[in-house]
Amino acid sequence: METWYYEVVSIDGDYANLKRTDIESDDIKLVARALLPPEIAEGSRLKYEMMTYSMECSPAH
């Protein structure tokens, strides 16, 4: 299974806007905050693996 890395770009109520950091992309993904760790804030780095988001640092690139 693949592992993807994101940064929280913004939080809007019950949703967060995430941007991939492990690839070049300008796409923003809208994700329900209920699926994300409760401690997220703008600028938080997340790892998505096995259908779960967790707090992580993105890989060096």
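**Figure 1. Glu56 in the segment after E5.** Glu56 is partly exposed, with a relative accessible area of 35%. This is a predicted model. Glu56 is placed in the segment that follows E5. Leaving aside neighbours within four places in sequence, Glu56 is in contact with Arg45, Leu46 and Lys47. Glu56 and Arg45 are 11 residues apart along the chain. Their C-alpha atoms are separated by 5.6 Å.

**Figure 2. Lys47 in strand E4.** Strand E4 covers residues 45-49, and Lys47 is found there. Is Lys47 buried or exposed? Lys47 has a relative accessible area of 17%, so this residue counts as buried. The cut-off for that label is under 20%. Neighbours within four places in sequence aside, Lys47 is in contact with Thr3, Trp4, Tyr5, Thr52, Tyr53, Ser54 and Glu56. The side chain of Lys47 also makes a polar contact with the side chain of Glu49, at 3.3 Å.

**Figure 3. The salt bridge of Glu49 and Lys47.** How many salt bridges does a search of the whole structure find? The search finds 4. One of them joins Glu49 to Lys47. The closest N and O atoms of Glu49 and Lys47 are 3.3 Å apart. Glu49 is partly exposed, at 29% relative accessible area. Lys47, at 17%, counts as buried.

**Figure 4. The salt bridge of Asp22 and Arg20.** Asp22 pairs with Arg20 in a salt bridge. Here the closest N and O atoms are 2.8 Å apart. Asp22 has 26% relative accessibility and counts as partly exposed. Arg20 has 19% and counts as buried.

**Figure 5. The salt bridge of Lys19 and Asp26.** Lys19 forms a salt bridge with Asp26. How far apart are the closest N and O atoms? The distance is 3.9 Å. A salt bridge requires the nitrogen to be within 4 Å of the carboxyl oxygen, so this pair qualifies. Lys19 is partly exposed, with a relative accessible area of 30%. Asp26 is exposed, at 70%.

**Figure 6. The largest nonpolar core.** Which residues make up the largest nonpolar core? The core has 10 residues: Tyr6, Val8, Ala16, Leu18, Val31, Leu36, Ile40, Leu46, Tyr48 and Tyr53. Strand E1 (3-12), strand E2 (15-20) and E4 each supply at least two residues of this core. In soluble globular proteins, nonpolar side chains tend to be buried together.

**Figure 7. Tyr53 and its contacts.** Tyr53 is one of the residues of the largest nonpolar core. Neighbours within four places in sequence are again left aside. Tyr53 is in contact with several core members, including Tyr6, Leu18, Val31, Leu36, Leu46 and Tyr48. Lys29, Leu35, Pro37 and Lys47 are also among its contacts.

**Figure 8. Ala41 in the loop between strand E3 and E4.** Strand E3 spans 28-32, and the loop between E3 and E4 holds Ala41. Ala41 counts as partly exposed, at 36% relative accessibility. Not counting residues up to four places away in sequence, Ala41 touches Val8 and Ile11. Ala41 and Ala16 are 25 residues apart along the chain. Their C-alpha atoms are separated by 9.1 Å.

**Figure 9. Leu30 in strand E3.** Leu30 lies in strand E3. Is Leu30 buried or exposed? Its relative accessibility is 57%; exposed means over 50%, so Leu30 counts as exposed. Leu30 touches Tyr15, Ala16 and Asn17, not counting residues up to four places away in sequence. Leu30 and Ser44 are 14 residues apart in sequence. From C-alpha to C-alpha, they are 15 Å apart in space.

**Figure 10. A nonpolar patch on the surface.** Which residues form this nonpolar patch? Met1, Met50 and Met51 form the patch. Together they have about 460 Å² of accessible area. Met51 is found in the loop between E4 and strand E5 (52-55). Met51 is exposed, with a relative accessible area of 67%.

Note on methods: Residues numbered from 1 in each chain as written. Predicted model: local features only at pLDDT ≥ 70, side-chain atom pairs only at ≥ 80, totals over all residues. Heavy atoms only, no water. Salt bridge = Lys/Arg side-chain N within 4 Å of Asp/Glu carboxyl O. Buried < 20%, exposed > 50% of the residue type's maximum accessible area, 1.4 Å probe, protein only. Helix = DSSP H or I, 4+ residues; strand = E, 2+ residues; numbered from the N terminus. Polar contact = N/O pair within 3.5 Å; in protein donor to acceptor, adjacent residues only side chain to side chain. Contact = heavy atoms within 4.5 Å. Patch = residues over 30% accessible without salt bridge, like charges linked within 9 Å, V, L, I, M, F, W, Y side chains within 5 Å. Areas by Shrake-Rupley, 256 points an atom, 1.4 Å probe, with all protein chains shown as cover. Core = buried A, V, L, I, M, F, W, Y, C linked by side-chain atoms within 4.5 Å.
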